[in-house]
Amino acid sequence: AAVAEMGVDALGVIAATNSARFLPAAKRLELWGAVATANPSVLRVLVLVNPSNDQLDELRPEAGHQCLQLHGDESVERCAELQNELKIPIWKALRLRSSADLNQIGAYANVVEKILLEPHVPDQYGGTGHSLPLNWLAGFKPPCPWWLAGGMGASNVENALKDLEGIGLKPYGIDASSSVENFPGIKNIEKIKILLDIIKKLA
Ligand SMILES: O=C(O)c1ccccc1N[C@@H]1O[C@H](COP(=O)(O)O)[C@@H](O)[C@H]1O
């Protein structure tokens with residue numbers, strides 16, 4: 001709720017069970033309520049890895065979130081299936097192994113609302129703190145809005161945005177998680193404020 005009051009565009013809650021940041025379904029409704037009260041314009045995003053059909057009920061918008069951010073190995077077809085079943089916008093995180101992986105985006109763009117681009121890190125699906133080599137994005141023609149994700153924080157966001165501008169790119173948004181924490185799962189409000197001040201100055 002404190003971050004929502006700072007005027008971010010979206011807030012994510014981690015529903016990936018093996019994450020240190022995992023929040024159980026039973027606690028999400030209360031949290032989303034507090035976020036909505038603090039700032040109803042902040043988009044409430046549930047972050048998941050390879051959701052199974054057994055999980056569908058907790059993924060419905062009635063649970064308080066407004067969007068699903070998928071960080072696993074979900075195919076284009078699986079994203080379409082979830083979108084049709086749950087009637088909720090899907091954001092797909094693409095964990096790039098090389099610039100060649102950008103070729104996948106066209107197919108996803110027909111189905112998902114936004115794409116997040118971050119680097120592939122073996123055995124981890126997100127929240128890694130690792131940043132994308134931005135030269136991989138040279139020549140990238142985004143077919144849909146995209147977020148720059150992975151290891152973004154106060155120490156590197158300004159250079160990242162300048163580097164992107166140098167190759168004619170501007171992300172829809174900056175996604176940040178581990179850089180604004182004291183340790184995994186405990187966010188640091190001061191670090192978030194510093195990051196937001198930098199981004200607002202550059203916007
Ligand atoms: O944060 C996690 O533990 C996590 C687990 C599984 C999937 C995604 C996860 N986090 C998301 O990853 C991106 C980038 O995080 P970071 O800035 O590199 O720490 C972000 O959207 C997190 O919410």
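In what order do the seven strands of the open sheet stand? They follow the order S1-S2-S3-S4-S5-S6-S7, with parallel pairing. Here strands (E, at least two residues) and helices (H or I, at least four) are DSSP runs, numbered from the N terminus, and two strands pair if DSSP finds at least two bridges between them. Strand S1 (10-14) and strand S7 (173-174) are at the edges with a single partner strand each, so one side of each has no neighbour in the sheet.

Before going on, please keep in mind that this is a predicted model, where local features need pLDDT of at least 70, side-chain atom pairs count only at pLDDT 80 or more, and totals for chains, interfaces and linings use all residues. Residues are numbered from 1 along each chain as its sequence is written.

Five bridges tie S1 to strand S2 (residues 43-48), and the two run parallel. Ile14 has Val47 as its bridge partner in S2. Helix H4 (residues 76-86) packs on the sheet, where it touches strand S3 (67-70) and strand S4 (90-96); contact means C-beta atoms, placed from the backbone, within 7 Å. The direction of H4 makes about 160° with that of S4. Axes are lines fitted to C-alpha atoms, for helices over the stretch in contact, and angles run from 0 to 180 degrees between N-to-C directions.

Now look at a helix pair. Helix H6 (residues 157-166) and helix H7 (residues 189-202) pack at about 30°, their axes 10 Å apart. H6 and H7 are therefore roughly parallel to each other, a label for angles under 35 degrees. On the H6 side, Val157, Glu158 and Leu161 meet Leu195, Ile198, Ile199 and Leu202 of H7.

Finally, the ligand is surrounded by 23 residues, counted when their C-beta atom, placed from the backbone, lies within 6 Å. The closest are Ser19, Gly126, Gly127, Ser177 and Ser178.

Definitions and conventions: Two residues are in contact if their C-beta atoms, placed from the backbone, lie within 7 Å. Angles under 35 degrees count as roughly parallel, over 145 as roughly antiparallel, 65 to 115 as roughly perpendicular and the rest as oblique.
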